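User: I would like to go through this model with you, one topic at a time. Could you begin with a local detail and then move on to larger features?

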Amino acid sequence: MGKITGFMEYERELPQRRAVGERVNDWFEIYQDFSEDKVRRQGARCMDCGIPFCHTGCPVNNIIPDWNDLVYKDKWQDAIRVLHSTNNFPEFTGRICPAPCEAACVLGINEPPVAIKVIEKSIVEHAFAAGWIHPEPPQQRTGRRVAVIGSGPAGLAAAQQLNRAGHSVTVFEKADRIGGLLRYGIPDFKMEKWVLDRRLEQMLAEGVEFRTGAHIGVNLDVAQIRREYDAVLIAAGAEQPRDLKVPGRELKGIHFAMEFLPQQNRRGAGDLVPDQILATGRNVVIIGGGDTGADCLGTSHRHKAASVAQFEILPMPPENRHASTPWPLWPLQLRMESSHEEGGLRHWSIATTAFTGDENGNVKKLHAVRVGAPPRFEPIPGTEFTLDVDLVLLAMGFTGPVRGGMIDQLGVALDTRGNVSTDANYMSSEPGVFAAGDARRGQSLVVWAIAEGRQAAAAIDSWLETQTASVASAA
Amino acid sequence: MHHPNGLPAPQGLYHPGNEHDACGIGFVVNITGEPSHDIILKGIQILINLTHRGACGCDPETGDGAGVLIQIPHKFFARECARLGFTLPAPGEYGVGMCFLPVEPSQRLQTEGLLERIVREEGLTVLGWRDTPVDVDAIGRVARASQPYIEQIFIRGAAGMSQDELERKLYIVRKRAEAEMATSDLREKSFFYIPSLSTRTIVYKGLLLAPQIASFYGELSDPDAMSALCLVHQRFSTNTFPTWQLAHPFRYICHNGEINTVRGNVNWMHARQSILRSDLFGDDLKKLFPVIQPHGSDSACLDNAVEMLALTGRSLPHVMAMLIPEAWDADTTMHPDKRAFYEYHASLMEPWDGPAAVAFTDGRMIGATLDRNGLRPARYLVTKDDLLIMASETGVLPIRPEEVRTKGRLQPGRMLLVDTEEGRIIPDEEIKQRLWSRNPYAEWLKQNQVHLDDLPEPPRVYGSDQHTIISRQRAFGYTDEDIRMLILPMTGKGEEPVGSMGTDTPLACLSEKPQPLFHYFKQLFAQVTNPAIDPIREELVMSLTSYIGTERNILDETPQHCHTLKLPHPLLTNRDLEKLRRVSTGDLLCTTLPMLFEVNAGAKGLERALDGLCRRASLAIKSGYTMLILSDRGIDEEYAPIPSLLALSAVHNHLVREETRTQVALIIESGEPREVMHFCLLIGYGASAVNPYLAIDTLEQQALRGNLADGVNFETALRNYKKAINKGLLKVFSKMGISTLQSYRGAQVFEAIGLNRSLVEKYFTGTASRIEGVGLDVLAREAAMKHAYAFQPVTEADTELDPGGNYHYRVRGEYHLINPTTVSRLQHAVRQKSFATFQEFTRAIDDQQRSHCTLRGLMKLKTIARPAPIDEVEPASEIVRRFATGAMSFGSISKEAHETLAIAMNTIGGKSNTGEGGEDEERFQDKRRSAVKQVASGRFGVTANYLVNADELQIKIAQGAKPGEGGQLPGHKVDDTIARVRHSIPGVGLISPPPHHDIYSIEDLAQLIYDLKNVNPKARISVKLVAEVGVGTVAAGVAKAHADVVLISGHDGGTGASPLTSIKHAGIPWELGLAETQQVLVMNDLRSRIRVQTDGKLQTGRDVAIAALLGAEEFGFSTAPLVSMGCIMMRKCHLNTCPVGIATQDPVLRAKFQGQPEHVINYFFFVAEELRQYMASMGFRKVDEMIGRVDMLEMSDAVEHWKARGLDYSSILFNPQVPGRVGRRCLVAQDHGIHQALDYKLIDHAQEALERATPVEIKLPIRNVHRTVGAMLSGEIARRYGSAGLPDDTIRFEFTGSAGQSFGAFLAKGVTLTLEGDANDYVGKGLSGGRLVVYPPRTSNFLPEENILVGNVVLYGATSGEAFFNGMAGERFAVRNSGATAVVEAVGDHGCEYMTKGLVVVLGRTGRNFAAGMSGGFAFVLDETGEFASTMCNKSAVDLERVDDAADIRGLQTLISRHAELTGSPRARWILENWETMLPQFVKVFPHEYRRALGVPRKAAHAVASDPVTRAALQADADRSGIAIPPAMNASPEVAHG
């Protein structure tokens, strides 16, 4: 258990971010190296709680105290085994997870919490460097085939789990590369894409089949998939963006964040991107104060925007945990992402009321008003203002999977929020069709996607077993 | 319906097998053997003077039983029989039977006829019957109701029969009659009982109070009734259903104590019947079976064994030495031949272990012996006219001082014997010498005993197989946690790991996870009726040695009898086992039987495999094998291991039934056992040794993986692991009050929870299992689950082993009642004062439909059609007054947390509890005061002032987290404040002993209750017990001991630090314990005299409702209030690192404490509010209405769990059928009997002093019935003057006579009690500043230092004051003294044990184990022979030094001068007169801990001396603190005498 008195002896320490002046000039990850000695000292701060709230705060239920201790004891190989037992892709979460575990850390009640996320990343990077992470193909194949639709974190986690259980898994991806949001969504400065490729290599070697450019319901027939596969998992994400229906929305220069960000990923991958939306030299307003907004912010900085502002309709959260979200809940509090360090202004309690443009139909002005508290967001008279803009990025969240196409053709029922509705075993209204990740729970974290992918895989595996049994008993 | 011996039949949770007794015993004998009527009168007088050691139940006129045993009064009988028309032959030619017979005439006639027929068949003649005249008006209502018809039968032997032959024949007659009656269908056969049938002795006994016996049995007052000896007994049965038959004396013995191993002893006795042969009995021997009469009490069983061994040819002392041997194993000073005698007999049979003072007689010899621990008092006195009086107390007969030749006490393991034919007392040494010289035992041992080390090295030994280890670990259910939290810690320190905050995981029978069978069992432990032992500080009585091989006919003695293999401890390495497997020495021959079963064949396969195993075991015995190894090596895809405990117990019970069990030793070779509890169970169910090969492989695996601590390799890890297991075993034995592995083996001191009846009856015969549960099918399924996991491929993307989650919460691990959801909901609820959030919390706890966890989870509260309107239900503000917080000491939790709880409870009118650490006096007068002040075994801070400032005094007998264990507060936690409150020294570690050293039995508890009630008559006295089978019986004893409240704690409660074994495996849920308590108290009509409280993870309104319905009036909470104050279940309370400032003394961490009294208050109001809702739905308007209403509970009908569906709660929900007048809750106050206290007189005399501090002085006589003299007076002083008391010597009382127990207890400052005479146990207990002076009568002329003056456990827990004793003290003098100064002239064993402060001077010899666990203060011992330094002192905690420091010398001389002056001690004067020669013979006892706290390094002693400046500075410091600096001296103090 870490070091008994470690939490009293050592301070929380995180890897340094590279200097803002330096990092906005490139697309590399922003964190500097962090020595393993320092990581081990952070591991020593873990108190090995009787109830490790981090462990339940974490959506994949990482057994955090165990690997904190193993790292402290310099047992990295044991640590990666424990880490992998709950999380297929710690190198992703170790980079981009907002770490609800740390918010739930018991030490966090009255001290800075244990630096769990950096420990996670260090374990997996250590393991890759040491060559401990290699393909683990199943020893026996079951002869069962599973189609996974979508190659984001949920799809990949499910595919790896199902494949290791001996099922033959095909992952269908509508884009040209595997990875979903991990590939086209997360900016490279948060996660460089070799990290993803490295993991995909392992999965390929384990026997997972990947098919890109395969847009089910568009260029692939749903019925055929259902015929050829014993089970189908919808892990297609929640890509339907929430729109801002105000006058002037149709003007040029107003884009969804998910139009803007993937283009940059492509360019980073060396693709030629015709008519790329660039922030360079422009006055940018990002509407939406969340993570996607922050990604747009960081990307805009790197594009060298003339100015960037980020609007949020909610009031500014408190500096510290708000009383409505006591420990160990995910705290309502002001967060400072790396992109915020790099510049730009953040505005709170603002509702955009209209856009106006120039004669060419380019957006030029944004009209807004300050509003009161949720849920009514009552406009405050006399606070109306306008702002010059050249580029508006809408990062206001998503409303569920894209309707029509595959979803309709599969005939699965949706819940009131427009997500695929499932039972406790991840099965949709259609027998044999399962759903996991954002497509099921709505827009969420990568770590939730992995968690759902794993749980859905387990459910599919058990379901396939009952199918085998019923076939056998019928025979 | 009645049980065969007159007890009620088992019903509900009551079982007659749980009855215990303890008592007062005594005898008087004319050493010359001259019979007289006077002896009988004296015996009865002794009995009457021991009355306070007995008890009465609901009927004050009915005692628990009393009796006398005398020689046959021939003159009287001759006269009486002549009147009846028959003539008695000469003494010795006839026998008299005392017979209890059916009351109904025709039934009685049939019984008499049966007896006469047997007499005739045995070739004897019935001379006649005599109605024994009795006076039924002399006895109580309850006694009358169950009184048998009492007659005497006179039987003549055949012509030419010797007296011994006739005696044996009479034995046969009685045994045959007992056996025939047992199977007869006579309706009133339960009345039948023969108290005695002998040519020498006769027993008069019954359900009587001592003073009733003479009038009930009128003939005892007839001048023609004469005897040379009289053995008497007054019974205090904890239990409740005293009967005529279970009164003592029995035929040979009477017993004060308890045989803890009785189940094993009886089983072994039964098992060896088939090989018994006796020339004296020949074929008649079989008529004696069963040797042990079924359904007897432990004492009755012991009597049966004594009788058989004595009548088959051994002398009575020989029998006693065999059954209750001295602690010889560790005693290197014992004569080698004597050791050989004991070791030889150890190979014959196991000791009957437990606290025991046994008085025995065969009518010619009479004597007494104490068990190896000496945990019962026995004092004797010899007069100049050859009278010997022995009793539990001194002063039971008035003897003029000048008549006294000697006074003494019985010592542990020693025997007192009078042979009336030889006409003298035979000293212990002579008895033992006679015994050991009977045969060349040492020689026999040398030639026949085999040692493991002597066996040849095996050619091959199993290595560890690291390739398959993971799947084997999985197959045996290893979890990652088992390795990390249990096994690895043992390899480092050689100790069991410690945890805290109790347990909140499901019972094994409710867990979703496959459990080891071991976890369906719970350890039993000693409470009240007998003490736990301290296996560390008193290790000299403990032993792990065992002798294995074939047992032979114990009625004979041959060299072959000790042809056994001696094992020093039960854990075998692979090499050890291989040696055994290949043994071929003499008769020792070993074979291996596989304990595997075909996993796919399920329960059937398992049962077949077990049957096969039993059959093969029988065959192996027939083929001459003497050792059977049951092995589960060789599991594979098809075969899974049979749970090792199941296999073992199946074979064991099979062989016991077959009566072949003693011919063979069972050895377990298994991958399953890994933790202490597993080994305990295997041994407790009969294994001789265990080879835990997978645990050993795991150690090697961990070594290979580099997981061992620095500097530990595989070999040291194995050594440490063995050490830890062995220490753990001793600890578990000692919790039950058992000292030796040999007695523990097969003793089955466990209770099963959730195993069904057929499984238990077949495989765990005799084990309590009261709620039914799982059977073989579930056990097979659990094995299959583990097996399937084992043979599933191990992938790298999975943990190798199941993570566990038994100790620390894990998502896919074991369920925990207290989990992230419940903790956060509760904290949010109390902080935001949100009842809605609180209900989310309670739903998460109460809804155990999905995750079964507790017994109450499966209960359902009934509702009625017309609920009570909620506003008619009594308000929450009334209900919360029934709530209490648990005993958490200041020391274990921080000042902030402790005071927050107190403020909260005082605000709502509930009660907080000090815990055992005392309480800062500055809190006494304000809201931070704890209403409940605890009195625990450490007695920390227990002063008169502490006691008078309580509303309730709680005697903690046991605590849920670790029943039967003591505790330890390490020195680094003892800061200035804690030291002040606990009256100790900062930095010095403090030990709480496992037992209260003044409670070794129920009558001792009654005494302590009486003591406390005297000091503070206004306070309720509460006794805290932990649930286990039989707790109801103990609670009944507690009620009879006049406690006002009894608290039944569940096993799961407990917040304190404790070994993990105890947290998980000792004690049972409160639901069972509470229900049993309620049932037994109601059945005995004792419930109305006592309030019942319960605790143990009570959290919600539903929990409280269930507790009330099961019978509790008050409710205790600990975990939930702690969580309300911010506890997040770190379970690191023992490490002082609590990050929320609760369980820590670290100022930095304490600053983080965020709890507020309001949080706790909110919590309790929420609980009360919820309770109100339940009350309304059941139609109750007052809590009082619902107490004991089990009819409102039922088992949840929704139970379809694969394990839980077998459970049956009907015994818990049982409602005893008693008439309506019998109360089901507390309705009347206890009569504590303190109105007779001498102190009322003392207080009258002291009015002037009390009111105006004017000095007073009085002289008074005193007797042994005057108990606790001075305590009430001291309470009065404390109330008026606080701990400061009165000026020195303000009140002076001078007594003459023999003082009763607890003379001068809690004596306050300003009082001096002087006693000319002698005193019983507990003199100066809790001395609080007063002064005690005791010296022998001025007219006596025995040597004071050689005669016992004050009894055992003198100055226990004294905090300040002085005591001067001109004579010898008994065992445990100044135990846990924390500040008193005492001078005494000799002491018994264990002097100054656990002492933490103060000063003791011993002007003479000490017993063994002096200064064990002593951590502070000093002792000076006059060691004239060098024996003290060489053998008597336990030097593990202390150094011995010469007294050559000037301050020490001055101080010592002054004290001895005062002793001489106050007591007139001739010895003190002589020492002072010869000071120059005597001084060098004094030894100073200096505790290591104390030295460390004073900062005086041991080795630097030279340097200190050679550097005068430093020394002067040190001395100056020391002078300020009143402590002498250790002198510079020879580094090896033991050679001080050169």
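Analyst: P328(A) sits in the loop between β7 (307-311) and α15 (338-341) of chain A. Helices (H or I, at least four residues) and strands (E, at least two) are DSSP runs, numbered from the N terminus. The peptide bond from W327(A) to P328(A) is cis, with omega near 5°.

User: What should I know about the model itself?

Analyst: It is a predicted model, in which local features need pLDDT of at least 70 and side-chain atom pairs count only at pLDDT 80 or more, while totals for chains, interfaces and linings use all residues. Residues are numbered from 1 along each chain as its sequence is written, chains are lettered from A and ligands numbered from 1 in the order in which they are written, and side-chain values use heavy atoms, with hydrogens and water left out.

User: Which residues does a cis peptide bond join in chain B?

Analyst: H248(B) and P249(B) are joined by a cis peptide bond, with omega about -10°. P249(B) belongs to the loop between β8 (229-237) and β9 (253-257) of chain B. Most residues other than glycine have a negative phi, and most peptide bonds are trans.

User: Which residue other than glycine has a positive phi near 55°?

Analyst: That is N61(A), whose phi is near 55°. N61(A) is in the loop between α4 (53-57) and α5 (64-72) of chain A. Y426(A), which is not a glycine either, has a positive phi of about 70°, and it lies in the loop between α16 (405-410) and β13 (433-435) of chain A.

User: Is N61(A) buried or exposed?

Analyst: N61(A) counts as buried because its relative accessibility is 10%. Buried means under 20% relative accessible area, exposed over 50%, and partly exposed in between (1.4 Å probe, protein chains only). Y426(A) is buried at 8% relative accessibility.

User: New topic: how many residues are in the largest nonpolar core?

Analyst: The largest nonpolar core has 314 residues, and F521(B), L646(B) and F883(B) are among those with the most contacts inside it. Helix α37 (residues 1157-1178) of chain B gives the most to this core, with eleven residues. A nonpolar core is a set of buried Ala, Val, Leu, Ile, Met, Phe, Trp, Tyr and Cys residues joined through side-chain atoms within 4.5 Å.

User: What does L646(B) touch?

Analyst: Not counting residues up to four places away in sequence, L646(B) touches several residues, including L517(B), L606(B), Y763(B) and F764(B). Contact means heavy atoms within 4.5 Å.

User: How many residues does the contact take from chain B and from chain A?

Analyst: Chain B gives 39 residues and chain A gives 40 residues. The area buried between the two chains is about 3200 Å², of which carbon and sulfur atoms give 58%. Buried area is the accessible area (1.4 Å probe) that two parts lose on being put together, summed over both. In chain B, E796(B), A797(B) and R810(B) lose the most area to chain A, together 18% of what that side buries.

User: How many salt bridges are found across that interface?

Analyst: The rule finds five salt bridges between chain B and chain A. A salt bridge is a side-chain nitrogen of Lys or Arg within 4 Å of a carboxyl oxygen of Asp or Glu. R484(B) forms a salt bridge with D66(A), where the closest N and O atoms are 3.6 Å apart. On the side of chain B that touches chain A, the largest share, six residues, comes from α24(B).

User: What parts does the pair E457(B) and K579(B) tie together?

Analyst: E457(B) and K579(B) form a salt bridge, their closest N and O atoms being 3.7 Å apart. E457(B) lies in the loop between β17 (450-451) and α13 (469-475) of chain B and K579(B) in helix α15 (residues 574-581) of chain B, so the pair ties together parts that are 122 residues apart in sequence. K579(B) is buried, with a relative accessible area of 8%.
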